[in-house]
Amino acid sequence: MKIKFLYLLLLLLLIISCREEFFMDDVKSEQLIVVDGFVTNDAPPYIIKLSLSSLTSEPKNIPFSNCEVIINDDKGTIEKLTEISQGVYSSSKTGVQGTVGNKYQLSIKTPKGKQYRSDPQEMKESIEIDTVSAELAYLQGVDFPYSLPGYQFYISTKATTTQENYFFWDMSETYEYDVDNELKFIETRFGEIIYSNPRYDTLKTCWKTNKVNYFFTGKTTNLEVPLITNKPLHFVSTETKKLTKRYSLLVNQFVIDKNAYNYWKNIESQISNDNFLSTTQPFNSVGNIKNVNNPEEKIWGYFTVASISNKRIFINRPIAPFYYPTCVVITDARSISEYKRTHRDPYFYVEVSVGEYGITAERCLDCRNYGGKPSKPSFWINK
Amino acid sequence: MKLKILIISFFFFNISSLIFGQEKYIYVKKQTVKLQTILKNIESLNNVTFFYNKDSIPNNIIKIEEDSILLSKFLEKTLIKYNISNDNRGNYFLSKTFILQKNIDALFNNKYVKTNNVFKKGKKGKYLEISENYISDNIIIGKNNYSSKKQKVHLSGIVTENADSSPVNQVKLTIVELNKSVLTNKTGFYEFYLTPGAYTIDVSSMIMHKKMYKISIYDDGKLNIPLQIKSYEIDEITISANQNENVKSTNMGFEKITAKAIKNLPSILGEKDIVKAALLLPGVQTIGELSSGFNVRGSPSDQNIFYINNMPIYNSSHVFGLFTAFNGDAISEFDFYKSNLPIEYGGHLSSIFNIETKKGNKQHFSARGGIGPTSGRVLIEGPLWKEKISYLVSLRSSYSDWLLSLIKNYDISNSSISFYDALVNVTVSINKKNDIDLFLYNSNDLSDLVFGIKNQYSNIGSSIRWTHNFNEKFKSEFSFVKTQYAFTEENSEIKYLGYKHSFNLNHNELKLLFKYYLQNNHIQFGFNTKDYELKIGDLLPLNDASSIKPIQFEGEQAISNSIFASDKWDISDKLSIKGGLRYTNYSYLGARTIYKYENNTPRIFDNIIDSTKYGKNEIINNNSNIDYRFSVKYQFNRATSVKASYNMLHQYIFMLSNTVSVSPTSRWKLSDPNIKPMKGIQYSIGLYKNFPKNFIETSIELYYKDVNNLVEYKDGAVFIQNKLPETNVIQGNLNSYGFEIMLKKKIGKLNGWVNYTYSNATVQAFDMGTGEMNNLGLPYSANYDRPHATNLTLNYKFSKRVSVSTNVIYSTGRPVTYPTSIYYLNGVEIIGFSGRNEYRIPDYFRTDISINIEGNLKKYKFAHSFWSIGFYNVTARKNPYSILFQNENGEIKGYKVSILGTIIPSLTYNLKFGNYED
């Protein structure tokens, strides 16, 4: 994320502005139906998620169950989706197939009988990703007193024959990380020292996969040559463990149509409105699903039909300072005896510097406590 | 705090009796004592009462060297420079000027018991004994026998300054017997219609010594009056000489603000900002600190126009609206109209800011300058040809980058923001009938923010104004103006999308205005032509790293020709009406391609059914409209009146902006076949009442306003790459109403004003024709709608050299669109928003204080200095400027951004050649 324009500007003006977290009160919340789903040219199943919007004070996913969800294409295939978990409706492997050039339509019937339908959406030709790259960058912060290093990711697309192309990108990241300190020995309350424990050796390194919480949109209509070069995607800072060993980013590139682009671009601008000098007017982006009997009804979400391609890259730890929080290690003798008095054994010793040992909590020796799994994903390529 | 208006001593002065009659010895000890203390002592022991204004008689320590002394001797000795009057009843009046009986109440706190007005008993010659400033020659105009034919005779003349015969504006002439007053205009001209007879004319002005004439008038005639500039007095405060003007004139929604009156107002970072003072007036709002626009009576900012010496300025701000782009030192005053716009102006629906700069000194060279935390300024003036040609040159420039480099943040210390403005005003007095003003203006802003946004914007222009008086009753003004507003923007935030583009707006204007003064009518008529040329620069890739496709834009051109006439008719002393018509023919000219959209479909590219290419200067479409203005005033008495007005106007140029505030990259757009001109009507009525004894003016005005074809930006549209501006906008309606209460005290040790405004401004963007709408077609509050607003401005003079001023500002928070729900798409948290502007940010409240210290007040000195210590936002309240919502690692967070959300001290030093006054 880039630095906030106005905030900077204000700092320019003698550090006279300030930004504080703001909590809204007395907001009338509306509970609306949310439709979230893609049909792509990947092999089925395709997932449509139905939910209800939640209060801003307690944001949560409220699944909307027991609906009748149907996808049909313009070649005569109609498929009723199955609710595989609450609010998640899945097609079958043998039903509707995503094919470039075909049109797809989504219909929903709620338990109360309300009917919603999307316009038919055409699947566009897919476009390959040329490169995904990363560059060491420094975020000039105002919330922290130092410049924060990290990787800024970029995407470039391959040239196409069509001038008008619209893209939607989402990303998933996987990273390898270690626990903060390696176990050296374990001490029992009787003073017994155990030097090896294979259990902790296997919990030293984990891999964690996340969906990146942003998406990006782009288009080529305003470009001389219809290819996108080094469009900035997200920024991963050294404030977490993500970049400590090896990081992998999988970028999914969806080719969408103009209407879908306009929808997603508006949503994108609402969640990254970082120029508040010009305080653009917020508004609700209107999607492509309408109540059949009452087209005025507000509905969130979009039924996106897109062709997909993807690319994965791996990058190693950057040569840069890290600022993530680490586990506490007790090293001085008085604290160690105090710790032993108040805690049950066994006591886990780690090496903080050559020849200097200290006690740390057991959870700090288990990489799963950071959310990952100690098994290497199949796609992982070591350096 | 002295009054400079009129001041004749109508007492039954009889100096001989004062000396030989009831003169008193008083008994005082030899002592050293404060003056006011000894006066009190004398009062208690001697059955006399002293009347004086504590501010104008200094409470000095005096040394008394005798035990007993004649009271008059004592007073003369102690108060050498003061006038001492007595009424033979033991009442003594001490003042620096002469005292008119009717002002005694105000001057001396109502303690004085009124005696009969004995003016009629006064004898010729008495005045001469009192002061050399009074001349009581009996002037005879016309022949006695000749007069019987005429019921009324016309007396006119020019009031000039003795020294250089330059005309003096705003001099008040009063026919004492009739209690009838007029003011001289800019050319020093005045006139009366009188029944033949003998009168006393009292001539007074803020800056001149007063004079008094006894005249006997039998026929039309002239009386030119030379006045002497007052010798220097420090305890003057600027007051408007046109007392009761607010009640008497047909103007409504009008304010005149002089630079002097707001000299002491607190300001941001010490930048004296006369135009920002308008924000303290009722009915004027702004989005926030960083917004260059004003919102007057519920109108968007593009419905206002700023004129400086007849030159329109399209962006009147520095640093994104933080400062105004005029050096406060160079400004003399501004007139601000929010309804009942004068007939000579057309083309803007809401308000006019008409700023006049000072004129160069015709006698001698002078210079002044000042330095504050962000900028320095200098102004020089003087004669080029003594008494004929004078110049005034002003320059202001920021030097604020050093502040930025102090900040330990790479992005900030490597960014830069700078601005300057400059103006030149040359005044040529050819002869008594002809004057020419030449004016040049340039302002420039540059900001280069290290992460890749570079903006530059500027105004540049020149104007020439020739005023010609055919005779005292018939005057003309001819002006020609050329001005340009331009900006360039370079954006390299995202390298492959790096672009640059530019925009400029050329405005040429020619105006011919005639003013004809008849006995009870004031007629104005004239001709006005405006030529607009808008050039939208190509959108170009910024550098090799950018792969953006260049886009060429077609420019725009239009010409509007207007003829206009108005008459103000004083039907009786009480009733006046004023009406005006302005006929405008507007032509939109080529070269340009005009697209035709399928009827009853949204204005989008896909619905274009035809296009027509027009050649250079070819008329694309032509629009004729008549603007009406009408107002009426009924005056119950000298100090109370009621007024009503109606305006119907059209506007052909508007600003395209998708931001809530005005940004430097806002483009202007002309009305074209696809975008209709805006049409606005405003009704207002008002009640005006003055309390002359307390120098308090009060008023209440109600207004109702309707604007059709308002140009609103379509949700989510992007105009930087859009060649078809009509696809970005929806034409809607604006409805606004409210009332404004104002209470003003212009003079006194404590002066200032307080006002309250209730207002409502609602926009509905729903085009029935195209079916396009914002906010589902429902009405929403305008961005700047603040229902309750109160401003308090006070100035308190502790002494002649030290004064304190304060502003207290409160208003309802402006409307915003809030998140009302959260939902998830593709795993990302998304905000669902409320209806447009359905909620409000917290209320705005701010208090500013400034302390002003004048250097010593000697009359003869080389230079005078003035310090101003300011505290902006003393309560350090964090007034929200905007609320914004961000997705931070998948979580929506709301932030309240406040600008200037802390106490900001500033220190400004000003220096000028000469003494305090000049």
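Which residues in helix 3 of chain A are buried?

## Helix 3 of chain A

This model is predicted. In helix 3 of chain A, the buried residues are Ala260(A), Tyr261(A), Tyr263(A), Trp264(A), Ile267(A), Glu268(A), Gln270(A) and Ile271(A). An α-helix has 3.6 residues a turn, so residues three or four places apart point the same way.

The helix covers residues 258-271, 14 residues in all. From first C-alpha to last, helix 3 of chain A reaches 20 Å, close to the 20 Å expected at 1.5 Å a residue.

## Chain composition

Chain A has 383 residues, of which 35% count as buried. Its secondary structure comes to 4 helices and 23 strands. Among contacts in chain A with a separation of 6 or more, 72% are accounted for by residues 24 or more positions apart.

Chain B has 918 residues, and 43% of them count as buried. This chain contains 8 helices and 61 strands. For contacts in chain B with a separation of 6 or more, residues 24 or more positions apart account for 67%.

## Nonpolar cores

The largest nonpolar core has 94 residues. The members that touch the most other members are Leu50(A), Phe168(A), Trp169(A), Ile256(A) and Ala306(A). Strand 14 of chain A, residues 166-178, gives the most to this core, with 7 residues. A second, separate core has 76 residues, including Ile262(B), Phe326(B), Phe503(B) and Ala558(B).

Once neighbours within four places in sequence are left aside, the contacts of Trp169(A) are Ile155(A), Phe215(A), Phe216(A), Leu233(A), Val251(A), Asn252(A) and Gln253(A).

## Two sheets

Strands of a sheet pair through backbone hydrogen bonds, either parallel or antiparallel. In chain A, 4 strands form an open sheet in the order 16-15-22-23, with antiparallel pairing. Strand 16 (193-194) and strand 23 of chain A are the edge strands, each pairing on one side only. Strand 15 (residues 183-187) of chain A is joined to strand 16 of chain A by 2 bridges, and the two run antiparallel. Glu187(A) has Ile193(A) as its bridge partner in strand 16 of chain A.

In chain B, an open sheet of 5 strands has the order 17-24-25-20-21, and the pairing is mixed. Strand 20 (residues 304-308) and strand 25 (residues 351-357) of chain B pair in the parallel sense over 5 bridges. For Ile308(B), the bridge partner in strand 25 of chain B is Ile355(B).

Cys367(A) lies in the segment after strand 23 (356-360) of chain A. Why does Cys367(A) count as buried? It counts as buried because 24 C-beta neighbours lie inside 10 Å, and the cut-off is 20 or more. Apart from neighbours within four places in sequence, Cys367(A) is in contact with Tyr177(A), Asp178(A), Val179(A), Leu203(A), Lys204(A), Thr205(A), Cys206(A), Gly372(A) and Pro374(A). Cys367(A) and Thr205(A) are 162 residues apart in sequence, with their C-alpha atoms 6.1 Å apart in space.

Ser267(B) lies in the loop between strand 17 (254-258) and strand 18 (284-285) of chain B. Ser267(B) has 26 C-beta neighbours inside 10 Å and therefore counts as buried. With neighbours within four places in sequence left aside, Ser267(B) is in contact with Lys272(B), Asp273(B) and Gly870(B). Ser267(B) and Ile523(B) are 256 residues apart in sequence and 40 Å apart in space, C-alpha to C-alpha.

## Backbone geometry in loops

Most residues other than glycine have a negative phi, and most peptide bonds are trans. The peptide bond from Pro44(A) to Pro45(A) is cis, with omega near 10 degrees. Pro45(A) sits in the loop between strand 2 (33-40) and strand 3 (47-52) of chain A. Gly590(B) and Ala591(B) are also joined by a cis peptide bond, with omega about 10 degrees. Ala591(B) is in the loop between strand 37 (575-589) and strand 38 (592-597) of chain B.

Asn179(B), a residue other than glycine, has a positive phi near 55 degrees. This residue is in the loop between strand 10 (172-175) and strand 11 (180-183) of chain B. Asn179(B) is exposed because 9 other C-beta atoms lie within 10 Å, where the cut-off is 12 or fewer. Leu776(B) has a positive phi near 55 degrees, and lies in the loop between strand 49 (772-773) and strand 50 (780-781) of chain B. With 13 other C-beta atoms within 10 Å, Leu776(B) is partly exposed.

Technical notes: Residues are numbered from 1 along each chain as its sequence is written. Chains are lettered from A and ligands numbered from 1 in the order in which they are written. This is a predicted model: local features need pLDDT of at least 70, side-chain atom pairs count only at pLDDT 80 or more; totals for chains, interfaces and linings use all residues. Two residues are in contact if their C-beta atoms, placed from the backbone, lie within 7 Å. Two strands pair if DSSP finds at least two bridges between them. A nonpolar core is a set of buried Ala, Val, Leu, Ile, Met, Phe, Trp, Tyr and Cys residues joined through C-beta atoms within 7 Å. The expected span of a helix is 1.5 Å times one less than its number of residues.
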